[in-house]
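Please look through the sequence and the model below before reading on. The report that follows takes up a few places in turn, and each can be found in the structure as you read.

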Amino acid sequence: MMNSIGPKLVLQVDLKKKPWEQNPPLHNRWHPEIPPVADVRVREVFRVEMVDFSGGGITKDYTAEDIKHADQSVVHYLSGPVRVVDLDGNPAEPGDLLAVEICNLGPLPGDEWGFTAIFDRENGGGFLTDHFPRATKAIWYFEGIYAYSPHIPGVRFPGLVHPGIIGTAPSKELLNIWNERERKLEETGPQTLKLCEVLHSRPLANLPSTKGCILGKIQDGTHEWNRIANEAARTIPGRENGGNCDIKNLSRGSKIYLPVFVEGANLSTGDMHFSQGDGEVSFCGAIEMSGFLELKCEIIRNGMKEYLTPMGPTPLHVNPIFEIGPMEPRFSEWLVFEGISVDESGQQHYLDASVAYKRAVLNAIDYLSKFGYTKEQVYLLLSCCPCEGRISGIVDAPNAVATLAIPTAIFDQEYQTNKLCTQIAFSFLISWKIKQRQSSLTQSYILLASKSAIIT
């Protein structure tokens, strides 16, 4: 008998159903006791389907009211956990490394659209909340490998599809470490935190909460559910288990080497992106979508000790290694903006890369808004287009230097760059000819939510 060809479908979603109605069930927290919903063997290619991070809460309707009132307690909906065993049926063990290869990925057929948004200042905000306090949204449509938006006209670019989240379950010991250090930050941060002090104060950490909690097969309302929900870590930050790393180059052919903390590894994934800029600066900032991954795993026995060096007080303080695949868009011309550790008030900060990157992004927004775009449109674009962020300097006190490079080929506009050189200055003159995209929808502005009271 011939072996079956193609990936094994292990986790499927129904986009007509709510996240809590999916079979097998989804989850939106990290905890060692969330039970696996599927088993896979090493070397077999398997397929995992995912809803978008909001579970359909953000729609393709031309309104930003859904973003304004988005329930932050439910993010992110993940598919899994998947238990991984070797060819003899023995599970991955704590101390192993789980090598996960991305063989294929993409949007779910029939759902080829996505969104980029800015959360309202009163509901999560973003990197530049002090400049962009209102909820805002743009819808994107996919044409093969390309994305375009009627709300940001004159732009079309190839997507580098990737999972925002992929990670293994933490052990109870590691979970306790997370909760203790993040709770301490939440309690003492306002008095002790010095870095990034000019960034609008969002929650310093997202601590365990029963609100919006979904724990897979664990039945809501039971004593077990209440105990685990009060311990389970939110999925918002990346941590030692991988998780929400938002590495935009993690696409076809990539490999992720994840530490194993529990028997079977319990691999979960979600938060699929069609494209993202480095930093995902608007926070809801990639082109968010539903999607699928086709994966293949290997177990490297005792790989944590062999290949990962703890950067902390315990052997659990390690980080994954990522091997980027060969599939990337090719760009040859870039427009680069610089920022330094001096904030908008003129205050000097000491080697603060966050302030420097903020300044680089603001400089890019201000410049591109001179050519027919609103600043909100540019902010959304820089969050989801294939732009490259860099820390160019981190040692020359007092200024860290960050740069943001934008590939000019993403613009439909024709432009010419003339360089005039004198003994005292260089200047660049750029002329743009905007080509409006022909569409049944002629709306050319991003979607703003109704004005809300702004905290000042």
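## A residue in a loop

Where does Ala64 lie? In this model, which is predicted rather than determined by experiment, Ala64 is found in the loop between E4 and helix H1, the helix that spans residues 65-68. Its relative accessible area is 1%, and because anything under 20% is counted as buried, Ala64 is a buried residue.

Which residues are in contact with Ala64, once its neighbours within four places in sequence are left aside? They are Ala135, Thr136, Lys137, Leu447, Leu448 and Ala449. For one of these, Leu448, the separation along the chain is 384 residues, yet the C-alpha atoms of Ala64 and Leu448 are separated by 5.5 Å.

In soluble globular proteins, nonpolar side chains tend to be buried together. The largest nonpolar core of this model has 69 residues, and Trp140 and Phe157 are the ones with the most contacts inside it. Helix H5 supplies the largest share of this core, namely eight residues.

Apart from this core lies another one, made of 24 residues, which include Ile58, Ile67, Trp113 and Ala135. Ala135 is also one of the residues in contact with Ala64. Returning to Phe157, and not counting residues up to four places away in sequence, one finds that Phe157 touches Trp140, Ile145, Tyr146 and Ala147, and that its other contacts include Ser275, Ile287, Leu381 and Ile410.

## Salt bridges

How many salt bridges does a search of the whole structure find? The search finds 22, and one of them joins Lys8 to Glu44, with the closest N and O atoms 3.8 Å apart. Lys8 belongs to strand E1 (residues 8-11), whereas Glu44 lies in the loop between strand E3 (38-41) and strand E4 (46-50), so this pair ties together parts that are 36 residues apart in sequence. Lys8 is partly exposed, at a relative accessible area of 37%, and Glu44 is also partly exposed, at 23%.

A second pair is formed by Arg301 and Asp86, whose closest N and O atoms are 2.8 Å apart. Arg301 sits in the loop between strand E18 (291-300) and helix H4 (303-307), and Asp86 in the loop between strand E5 (78-85) and strand E6 (97-106), so the parts tied together here are 215 residues apart in sequence. Arg301 is partly exposed at 35% relative accessibility, while Asp86, at 15%, counts as buried. The side chains of Glu344 and Lys358 also meet in a salt bridge, at 3.1 Å from N to O. Glu344 lies in the loop between strand E20 (334-340) and helix H5 (353-368), and Lys358 lies in helix H5 itself, so this pair ties together parts that are 14 residues apart in sequence. Glu344 is partly exposed, with a relative accessible area of 35%, but Lys358 is buried, at 1%. Elsewhere, salt bridges that share partners join Glu33, Lys172, Arg227 and Glu231 into one network.

## The second largest pocket

The second largest pocket holds about 570 Å³ of space. Its lining is made up of 34 residues, and those that lie nearest its centre are Asp52, Gly55, Gly56, Gly57 and Ile58. Ile58 is also named among the residues of the 24-residue core.

Strand E7 (residues 113-118) gives the largest share of the lining, which amounts to three residues.

Terms used:
Residues numbered from 1 in each chain as written. Predicted model: local features only at pLDDT ≥ 70, side-chain atom pairs only at ≥ 80, totals over all residues. Heavy atoms only, no water. 1 Å grid on protein atoms, 1.4 Å probe; cavity = no way out; pocket = protein on both sides within 12 Å on 5 of 7 lines; lining within 4 Å. Points joined across faces, edges and corners; volume = space filled by probe spheres on them. Helix = DSSP H or I, 4+ residues; strand = E, 2+ residues; numbered from the N terminus. Salt bridge = Lys/Arg side-chain N within 4 Å of Asp/Glu carboxyl O. Buried < 20%, exposed > 50% of the residue type's maximum accessible area, 1.4 Å probe, protein only. Core = buried A, V, L, I, M, F, W, Y, C linked by side-chain atoms within 4.5 Å. Contact = heavy atoms within 4.5 Å.
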